[in-house]
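Trainee: I am new to this structure and would like to go through it step by step. May I put some questions to you?

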Amino acid sequence: MHRLHSFTPKVARLGVAACGLAALAACGDNSISGPTLDLSLSRIAGFDPLKAALVEARNEANGGFNLDMWAAVVDRNGLVVAVVFTGATSTDQWPGSRVIAAQKANTANAFSLPHLALSTANLYAATQPGGTLFGLQEANPTNEAVAYGGDAADYGTRKDFMVGKRIGGTNVFGGGLPLYDAAGTLVGGLGVSGDASCADHNIAWKMRYNLQLDHVPAGVADGGKDDNIIYDITNGVSASGFGHPECSAAATSIGNALPTTHPIGH
């Protein structure tokens, strides 16, 4: 009996190569046909600028527990640009906050628009039972393979496994802000985690100010001017529909003053 097609080592090698290329195309976030990391954002909010901005903001009074922090930035495509922490090692802050910071960055980017900024703090009230966005927190699940892949010793360094990949995730409490450049272009999102959520927001706002990526076009806070945290919940009801619970009197005072102490679009 004759075989219809001869099988040679060369054919086998070609088949393996084709399968390899197919696997890369299917699995890679930065495939030939897919989006690539925004290098211009990496220069502005990459590892060194992000770490410097976080250290500066964390060392100020923010109304929290004065804890070390994590921060992450994603570009408009949702690809992680950088992940950083304060403290001497990556265990000087809550390990779980690394992924939360990235989720917040993803959320702020994913639910903001060129003409309307929404911080993660603005999403709290609307995502509670009975709220207009209830269930949003279950949307866009975190990519666990990206969140927990790689060597843990690299977390928070330039080699963090999340960098250049989509983290996904949705977070609906303070600490995530969209990023707008000097031209008013929405370029990505910033997330901060490691303290009380109100302090996280205060630190994120100051970081965005330090990075000069705060040219916010409009929001739901301050009469529609910006995306600041809103403290208007009474008896469980937010007057605006975009409110956030208070964490401490100090955090509330600092947060309410942010548009004055660290004005947008400076």
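Trainee: Does Arg-43 count as buried or exposed, and what is the relative accessibility behind that?

Mentor: This is a predicted model, and the values discussed here are computed from it. Arg-43 lies in helix α2, residues 39-45. Exposed residues are those over 50% relative accessible area. Arg-43 therefore counts as exposed, with a relative accessibility of 63%.

Trainee: How far apart in space are Arg-43 and Val-81, C-alpha to C-alpha?

Mentor: Along the sequence, Arg-43 and Val-81 are 38 residues apart. In space, their C-alpha to C-alpha distance is 9.6 Å.

Trainee: Over which residues does pLDDT stay under 50?

Mentor: The protein chain has an average pLDDT of 90, and 87% of the residues score at least 70. Where pLDDT is low, the predicted coordinates should not be read in detail. One stretch, with 13 contacts beyond four places in sequence in the model, stays under 50: residues 1-32.

Trainee: What percentage of the contacts between residues at least 6 apart in sequence join residues at least 24 apart?

Mentor: The protein chain has 266 residues, and buried residues make up 46% of them. Among contacts between residues at least 6 apart in sequence, the share joining residues at least 24 apart is 71%.

Trainee: Is α6 roughly parallel or roughly antiparallel to α7?

Mentor: Two packed helices are described by the angle between their axes and the distance between the axes. The axes of α6 and helix α7, residues 249-261, come within 9 Å and cross at roughly 30 degrees. Angles under 35 degrees count as roughly parallel. The relation of α6 to α7 is therefore roughly parallel.

Trainee: Which residues of α7 make the contact with α6?

Mentor: The crossing of α6 past α7 is left-handed. From α6, the contact uses Cys-198, His-201, Asn-202, Trp-205 and Lys-206. By class, the residues of this contact are six nonpolar, three polar and one charged. Those on the α7 side are Ala-251, Ile-254, Gly-255, Leu-258 and Pro-259.

Trainee: Does Asn-202 count as buried or exposed?

Mentor: Asn-202 belongs to helix α6. Beyond its neighbours within four places in sequence, Asn-202 is in contact with Asn-62, Ala-251, Ile-254, Gly-255 and Leu-258. Its relative accessibility is 0%, so Asn-202 counts as buried.

Trainee: At roughly what angle do the axes of α3 and α6 cross?

Mentor: Helix α3 spans residues 47-58 and helix α6 spans residues 197-211. Their axes come within 9 Å, and the crossing angle is roughly 130 degrees. Because of this angle, α3 is oblique to α6.

Trainee: Which residues of α6 does α3 meet?

Mentor: α3 passes α6 in a right-handed crossing. On the α3 side, the residues are Pro-49, Leu-50, Ala-53, Leu-54, Glu-56, Ala-57 and Arg-58. In α6, they meet Ile-203, Lys-206, Met-207, Asn-210 and Leu-211.

Trainee: What is the phi of Asn-235?

Mentor: Most residues other than glycine have a negative phi. Asn-235 is found in the loop between β5 and β6, and its relative accessibility of 79% makes it count as exposed. Although Asn-235 is not a glycine, its phi is positive, at about 55 degrees.

Technical notes: Residues are numbered from 1 along each chain as its sequence is written. This is a predicted model: local features need pLDDT of at least 70, side-chain atom pairs count only at pLDDT 80 or more; totals for chains, interfaces and linings use all residues. Side-chain values use heavy atoms; hydrogens and water are left out. Axes are lines fitted to C-alpha atoms, for helices over the stretch in contact, and angles run from 0 to 180 degrees between N-to-C directions. Helices (H or I, at least four residues) and strands (E, at least two) are DSSP runs, numbered from the N terminus. Angles under 35 degrees count as roughly parallel, over 145 as roughly antiparallel, 65 to 115 as roughly perpendicular and the rest as oblique. A crossing is left-handed if the near helix is turned anticlockwise from the far one by less than a right angle, and right-handed if clockwise. Contact means heavy atoms within 4.5 Å. Buried means under 20% relative accessible area, exposed over 50%, partly exposed in between (1.4 Å probe, protein chains only). pLDDT is the predictor's confidence in each residue, from 0 to 100. Ala, Val, Leu, Ile, Met, Phe, Trp, Tyr, Cys and Pro count as nonpolar, Asp, Glu, Lys and Arg as charged, and the others, Gly among them, as polar.
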